[in-house]
Structures are given as C-alpha cells and as structure tokens.
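Have the sequence and the 3D view open as you read.

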Amino acid sequence: STFNLLQYLARNITDQKHLIVGTLRDEHLPEEDEGASTPMREALQRFTREHLFQEIRLGPLTESAVADLVGDILGSAPSDELVREVMLQTEGNPLFILEFMKLRSEQGGGSGDDIAPQSASSLIKRRIKALSDDERSVLEMATVLNKNATLDLLAKTLGIGTEELLDSVDNLISMRFLHESEDTISFDHSK
C-alpha cells in the first residue's frame, strides 16, 4: 500500500516539485521465486517503467569520508593509523563505523583487532552483552514500548521503582542506546 501511495503521488502531483526519499536494502528485497513476482518487485517495475523514481546506489565511504566521520565522532582529527584501522575493520560501512567506534571507546580505545566482529549486528550484540541484567531489561522494554516509554511506564512494566530505574536509564543514555526527549525515552535507532 505504501508503494501504491507513492505511485499515486508521483503520477498526480505534477504541478509542484516534490522530493520523496526512500531507502531499500538489496537484501530486504524479496527473491523472485521461479518467475513469480512479489508486490514490492511489481511496484518497483512500475516505477521504473513510468520513470517515477531515480535510484541512487550507495557504496562504502571513501577513506577521506571515513576520516571525516571518525573525526566527528572523536571531536578531533583522527590519526592516519586509526583511519586505516577503521577502514580495514568496517570496509567503509557507516553503520559498522559507528558501532566500531562506540565499542572501541567503551573498551578504552585499544586496537581494533580484538574488537572487530564481522558485522554491525555482532558489534551491537557485543555492546548489549556488556550491559548489566537490569540495563538489558530496561533496554528491551524501552525498545518494545518505543516512543511511548516514560520513566513511570518503564518502572511499572518492569515492576521496579522509578529511583531504581534511573541508574540504568542514565547509563543507557550515556552509552547512546536510549534517547531522551521531553517526557519519553526511546531506543536510539540512529546510534
């Protein structure tokens, strides 16, 4: 239905310029099974036929872009050695770079050889594994509640007091697992 809406908008709102940005990872595109098509593939084929979108394939970051990103994370220009290490361990994948640098920071900034798993998923799992049981429980519940999580709701759901919850929440925010905005606490998908 999202694709149908996008197609409708692209076809019918022609009197004004619009920019709609969408992302799709190749691995999330369903496989065609012996010629059978899926709704997503059919929609993409329609979009292509009608010239309703422009595809921009994103590749890995260049060494220069990696240096810029690592510099932004550190707050200062990284050494050439660190940039080479990050490139070697992450192959320029921005998500891997962010997770690698977080894990490296948490482990005291040592060599990446002992902290460089094969994927962002394993990097994230290692960071979560290092959490206390209480922090992991809070993180799991905040993830489930998403943008609806408040301290009171988390405390009630977990069956603990608000004061007891604060230490875990503060640690998870400082480790950038959670994000606090106004009255809510949510899982930080961007970090």
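Helices here are DSSP runs of H or I with at least four residues, strands are E runs of at least two, and both are numbered from the N terminus. At 8% relative accessibility, Ser 168 counts as buried; that word means under 20% relative accessible area, while exposed means over 50% and partly exposed lies in between, with a 1.4 Å probe and protein chains only. Leaving aside residues up to four places away in sequence, Ser 168 touches Asp 134, Glu 135 and Val 138, where a contact means heavy atoms within 4.5 Å.

A word on what you are looking at: this is a predicted model, in which local features need pLDDT of at least 70 and side-chain atom pairs count only at pLDDT 80 or more, while totals for chains, interfaces and linings use all residues. Residues are numbered from 1 along each chain as its sequence is written, and side-chain values use heavy atoms, with hydrogens and water left out.

**The overall layout**

The protein has nine helices and two strands. From the N terminus on, the order is α-α-α-α-α-α-α-α-α-β-β. Of the 191 residues in the protein, 26% are buried. Among contacts between residues at least 6 apart in sequence, 46% join residues at least 24 apart.

Which residues touch the most other members of the largest nonpolar core? In this core of 15 residues they are Val 138, Leu 139, Leu 154, Leu 165, Leu 172 and Leu 178. A nonpolar core is a set of buried Ala, Val, Leu, Ile, Met, Phe, Trp, Tyr and Cys residues joined through side-chain atoms within 4.5 Å. Helices α7, α8 and α9 (162–174) each supply at least two residues of this core, and α7 gives the most, with five residues. Leu 172 touches Leu 131, Glu 135, Val 138, Leu 139, Phe 177 and Leu 178, again without counting residues up to four places away in sequence. There is also a second, separate core of eight residues, which includes Val 66, Val 70, Phe 100 and Met 101.

**How α7 meets α8**

The axes of α7 (residues 133–145) and α8 (residues 151–158) come within 10 Å and cross at roughly 115°. Such axes are lines fitted to C-alpha atoms, for helices over the stretch in contact, and the angles run from 0 to 180 degrees between N-to-C directions. On the α7 side, the contact is made by Ser 137, Val 138, Met 141, Ala 142 and Leu 145, and on the α8 side by Leu 153, Leu 154, Thr 157 and Leu 158. These residues divide into seven nonpolar, two polar and no charged; here Ala, Val, Leu, Ile, Met, Phe, Trp, Tyr, Cys and Pro count as nonpolar, Asp, Glu, Lys and Arg as charged, and the others, Gly among them, as polar.

Met 141, found in helix α7, touches Leu 154, Thr 157 and Leu 158, not counting residues up to four places away in sequence.

Pro 78 lies in the loop between α3 (63–74) and α4 (80–90). Not counting residues up to four places away in sequence, Pro 78 touches Ala 67, Val 70, Gly 71 and Val 83.

Thr 90 has its place in helix α4. The backbone oxygen of Val 86 lies 2.6 Å from a polar atom of the Thr 90 side chain. With residues up to four places away in sequence left out, Thr 90 touches Phe 96, Ile 97 and Phe 100.

Glu 91 lies in the loop between α4 and α5 (94–106). Phi of Glu 91 is near 55°, a positive value in a residue other than glycine.

| Residue | Relative accessible area | Class |
|---|---|---|
| Pro 78 | 17% | buried |
| Thr 90 | 3% | buried |
| Glu 91 | 63% | exposed |

Met 141 and Leu 158 are 17 residues apart in sequence and 7.7 Å apart in space. Pro 78 and Val 66 are twelve residues apart in sequence and 9.8 Å apart in space.

Note on methods
Polar contact = N/O pair within 3.5 Å; in protein donor to acceptor, adjacent residues only side chain to side chain.
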